[in-house]
Structure formats: C-alpha cells, structure tokens
Amino acid sequence: MTNSRSVRILQAVASMIVLAAVWQLFSYTFPHYLFPPVPDVIARTIDILITGSLLADVLLTAARIFGGLFGAFILGSVLALVIGQSKTVENFVAPVLTFFQGIPALSWVVFAIIWFHGIEFRVLFIMVMTTLPAFTFQILDAFRSMSKDLFEMTMSFRPSRWTLFRFLIVPTIVPGILTAWKVNLGNAARVVVVAELVGATGGVGYQLLRQQQLFDMAGAMAWTLQLVLFVLIVQQTINAIENWALRYRAVSERAM
Amino acid sequence: MTNAEPVIRFKNVTKAFRRRDGRGDFVAVDKLSFEIAKGEIVAVLGKTGCGKSTMFNIVAGLIEPNSGEARVLGHDPFHEFEFFRGKIGIVFQNDRLMPWRSALDNVLLGLQILDTAPKQAEHTARQWLTRLGLSGHENDYPHALSGGMRQRVSIARAFAVDPEILLCDEPFSALDEMTARDLRAEFVRLVRQNNKTAVFITHQINEAMEIGDRVLVFHRPARIAYETRLDASVIEQARRKVQEDIMRVLSVDAATAEAHA
C-alpha cells in the first residue's frame with residue numbers, strides 16, 4: 001500500500017510540475033501581464049503568506065468558509081434528523097431544499113445584498129443557503145442507511161433516546177458527515193470568493209477584485225493559490241480525521 | 001410476579017402483517033398459547049416462515065401483538081419499555097456486532113446502556129470474553145474475527161448484562177457444524193450455570209433435541225403443533241431404541257458373515 005501511495009504522490013507532483021512548465025513556456029511566448037513567470041507567482045504567493053496584513057485576508061476568508069460550513073452543518077444535521085423521523089416533515093421540507101439547490105450561488109449573493117446590510121451576515125447567509133441542502137441530504141442518506149439489525153439489537157437493551165443517539169446514530173452518520181464536509185468544502189470555497197468579490201471589503205475574493213482592477217495576473221494567481229492551498233490543507237485534515245474515525249474498517253474498505 | 005408464575009406466558013396471541021400488494025393481511029402468529037417456567041430451556045422448532053421470529057420479536061417487545069395476551073416476567077413487553085431494561089438478553093441469527101466497536105466495546109454496549117459503573121462494566125465484559133475463549137481478542141474489531149468468534153462476542157454481550165431471560169434466534173445457523181456444536185454445548189453450560197431461562201429458536205431437529213428441556217413445534221402460522229419434554233425417561237427410551245437398532249444391525253452383519261463362511 002505504501003508503495004502505491006508513494007507512486008500516486010509522485011504522479012501528482014509530476015503532473016503539477018508539467019502544468020507549471022507549460023505555464024512557464026507560455027510566459028516566454030506571451031507578455032508577462034498575461035502569463036507571468038512561475039517564479040514571480042511563487043514569490044507573490046510567499047509574500048502574501050509572510051505579510052501579516054495580507055495573510056489576514058486569507059484567514060478572514062478561511063473563517064468565513066468555516067463559519068458558513070459549520071452553520072449549514074448544524075442546521076442540516078438537525079433538519080436531517082427531523083426529516084428522518086417524520087415522513088410528513090420530509091414531504092414539506094425536502095421540496096424546499098431541492099428548490100434551494102436549483103438557485104445559483106450568484107442569485108443568493110444578489111438576494112443577500114438586497115436584504116441585508118452587514119457584510120459578515122451577508123456572507124454567512126450565502127454560505128449557509130448554498131451548502132445547506134447538500135449537508136441535509138447527505139446526512140439524511142447516512143441516517144437512512146442505519147442498519148435495521150443494529151437498531152433492533154440496540155433497542156433490545158432498552159436505551160434512552162440520548163443513549164441511542166450516542167451509541168448508534170452518531171457512529172452511523174459519521175462517514176456521511178465527513179463526506180458532506182469534503183464535498184461542501186470545495187463548493188464553499190468557490191461561493192465565498194463570489195460573495196467577497198461582489199459584496200465584501202476584505203478576503204481573498206476582494207483581493208482578487210483588486211488584482212483584476214490593477215490588471216495584475218501574478219497577484220490574481222497568488223491569491224487564487226492561497227485558496228487552493230487552504231482547500232488542500234483542510235481536505236487532508238478531513239482525510240486524516242476520516243482515517244482515524246473509520247479505523248475500524250478493514251483497510252480494503254477505507255478510502256485509499 | 002410469584003415464583004409459581006411462568007416467566008413467559010402467551011395466551012391466544014395473534015399477529016398479522018399488512019401485505020404491501022393489498023392482498024389483505026398475512027397472519028404470522030395465530031392464537032398462540034404456551035408457558036415457559038423459570039430456569040427452563042425451551043427450543044422452538046418450525047419450518048422457515050412459520051412465525052418463530054415473530055413470536056421472538058413479541059417476547060423481546062420489538063413488536064406488538066394484534067390480539068391476545070403476551071406477558072413476560074408478568075409484564076407487557078411492548079408497552080412496559082423501562083421495566084425490561086437489562087432483563088432480556090438476545091442472541092440474534094447474525095452476530096449484529098457494531099463494526100466501529102472492538103470486541104470488548106461490543107460486550108460493553110449493554111452495560112453502558114444500563115449505566116453500569118465503567119470499571120465494573122469493563123471487568124464484567126473482560127470476564128465474559130475470557131469465559132467464551134476470546135481472551136487476547138478484546139481489542140480486535142469485528143472484521144478481524146471469524147464467524148464463530150463474532151458469535152461468541154454476541155453471546156458474551158447477551159450474558160454480560162445478567163438478564164433473567166435469554167432469547168436466541170437461530171444463533172448458530174450460519175456457522176459450520178463443528179463450531180456450532182461447540183457453541184451449543186457452551187451455551188447450554190452457561191445457561192445452566194447462571195440459572196437463566198432461555199428460548200432457543202431453531203429449524204434443526206437435532207439442535208432442538210440437544211438444547212431444549214422442552215421442544216415446542218410450530219405450525220404455519222405459528223401455533224403449537226407438538227410439544228415434548230425431554231426428561232430423563234425420554235432420553236433413556238431414545239437410548240434404548242438406538243441400542244436396539246445397533247444390535248439389530250450387528251446381528252444382521254453377523255448372520256451375513258456366517259453365511260459367507
């Protein structure tokens with residue numbers, strides 16, 4: 001397994017090197033304001049990371065992503081558990097969530113700007129509304145996939161509702177929750193940039209808007225890379241949590 | 001409940017399920033009546049689909065009968081949910097181990113639900129795993145255990161809460177005969193040693209004869225078709241019949257050998 005993992009990592013690194021090389025070739029052919037050299041982009045990226053005021057923008061965006069995802073996760077979990085126990089509630093709530101899923105992120109941005117004044121509340125609202133349906137449906141699926149056999153076995157000991165939740169429901173939905181976080185993370189990163197681009201005075205999206213106004217491609221690339229790095233780090237963290245939380249599964253069953 | 005009262009009493013119990021295709025109700029248990037006394041091991045025998053498991057689920061309080069009276073320890077098992085906490089232990093057909101819990105944690109489940117003090121609970125769980133020959137496997141997850149070992153864990157889980165009644169729904173049917181025989185002997189020994197009342201569902205005649213003090217044979221839908229107590233005289237009679245059969249076979253063999261000579 002270690003060998004195949006090493007090979008996979010090497011292949012991933014190689015593909016990134018090829019991409020950077022192609023970009024570098026373009027920078028020799030086209031003007032630098034269109035394709036800045038790779039070393040320039042890397043220098044700007046490092047500059048953002050070591051300059052406190054610029055790093056604050058990255059951290060602000062990260063906080064907005066986490067805030068939005070956490071809000072949607074809590075709300076989605078409650079909704080999923082309520083829907084999972086009542087067909088009537090499902091009949092009322094599921095169509096609304098499906099309807100919300102069809103609304104483009106940009107429309108939520110426009111609605112938020114019209115409805116609310118505070119920037120942070122606007123961003124939070126947009127993040128929650130765009131990720132809530134996915135969180136709800138994914139956690140609901142995990143809840144529904146709970147084994148009837150294990151439910152009957154646990155009920156034979158006559159547990160309280162809280163004990164049933166702690167010992168059976170939580171471990172059952174953990175894999176679904178982790179998948180929901182992984183799926184929604186990428187989605188949230190894209191949405192937050194749009195929200196910041198249109199209606200914020202700080203964060204990666206706002207900085208991208210500034211780079212566009214300055215026609216600074218190296219800056220735009222460097223700020224984009226901040227977001228990509230952030231998503232990669234969080235995704236690896238979720239993978240590590242997943243490997244720990246699902247360590248009971250045979251290695252062949254776990255995500256490799 | 002007095003000592004003379006049966007531990008389990010069914011009086012004209014009927015359970016029907018609605019068919020999904022709208023063809024009326026499917027009767028699984030039909031006016032079933034029987035009694036089981038304290039300390040008895042009763043084997044319930046019947047063909048697949050005869051309502052054994054439905055009867056089992058009624059005793060376990062997992063489903064409610066449509067009519068008749070089902071009493072367990074003098075109480076209604078479906079409605080008196082709290083009363084039965086820790087009083088019934090169940091060994092299911094498949095082990096039903098939680099895959100995210102180690103063998104030890106699976107045995108601990110019932111004790112944790114019953115709010116047993118953690119140290120006492122762990123001591124009890126380890127003791128039961130050792131009794132069932134699983135010492136050294138406490139930290140193994142179910143996927144790392146064999147079918148027989150997993151079923152041993154589920155037996156330990158049922159015994160660990162020290163229930164008054166043990167319900168077993170064909171617990172060894174998925175195991176190979178050698179493992180099943182060992183576990184059957186182990187199970188009967190533990191039930192007798194700990195003075196439990198046990199209901200053992202099976203569709204194998206040999207298994208029912210091996211385990212039960214009494215055998216109830218079910219018709220389809222569940223109704224008592226035949227009932228026998230396997231006391232010493234019945235076993236002696238059976239032994240005499242086997243002896244006679246063996247003698248008959250041996251004398252035929254001797255006559256054949258003489259004729260050839």
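User: What percentage of the 261 residues in chain B counts as buried?

Analyst: Happy to start there: buried residues make up 46% of chain B, where buried means under 20% relative accessible area, exposed over 50% and partly exposed in between (1.4 Å probe, protein chains only). This is a predicted model, in which local features need pLDDT of at least 70 and side-chain atom pairs pLDDT 80 or more, while totals for chains, interfaces and linings use all residues. Residues are numbered from 1 along each chain as written, chains are lettered from A and ligands numbered from 1 in written order, and side-chain values use heavy atoms, without hydrogens and water.

User: Why is Leu25(A) called exposed?

Analyst: Leu25(A), in helix H1 (residues 2-29) of chain A, has 53% relative accessibility, so it counts as exposed. Leu25(A) also belongs to a nonpolar surface patch of about 950 Å², with Val22(A), Phe26(A) and Phe215(A) among the other members.

User: What makes the largest nonpolar core, and which residues have the most contacts inside it?

Analyst: A nonpolar core is a set of buried Ala, Val, Leu, Ile, Met, Phe, Trp, Tyr and Cys residues joined through side-chain atoms within 4.5 Å. The largest has 131 residues, and Ile65(A), Ile8(B), Phe10(B), Met55(B) and Leu167(B) have the most contacts inside it. Helix H8 (residues 161-199) of chain A gives the largest share of this core, 16 residues. Another core, of five residues, lies apart from it and includes Leu45(B) and Leu230(B).

User: Which residues does Leu167(B) touch?

Analyst: Leaving out residues up to four places away in sequence, Leu167(B) touches Phe56(B), Val59(B), Ala60(B), Ile88(B), Gly89(B), Ile90(B), Val91(B) and Val199(B). Contact here means heavy atoms within 4.5 Å.

User: How many residues of chain B are in contact with chain A?

Analyst: On the chain B side there are 27 residues in contact, against 20 residues of chain A. The area buried between them is about 2200 Å², with 67% from carbon and sulfur atoms; that is the accessible area (1.4 Å probe) lost on putting the two parts together, summed over both. In chain B, Arg96(B), Trp100(B) and Ile113(B) lose the most area to chain A, together 30% of what that side buries.

User: Why is the pair Arg96(B) and Glu152(A) called a salt bridge?

Analyst: A salt bridge needs a side-chain nitrogen of Lys or Arg within 4 Å of a carboxyl oxygen of Asp or Glu. Arg96(B) and Glu152(A) meet at 3.0 Å, N to O, so the pair qualifies. The count between chain B and chain A is two salt bridges.

Methods: Helices (H or I, at least four residues) and strands (E, at least two) are DSSP runs, numbered from the N terminus. Patches are made of residues with over 30% relative accessible area and no salt bridge: like charges are joined within 9 Å, nonpolar side chains (Val, Leu, Ile, Met, Phe, Trp, Tyr) within 5 Å. Accessible areas come from the Shrake-Rupley method with a 1.4 Å probe; for residues, only the protein chains shown count as cover.
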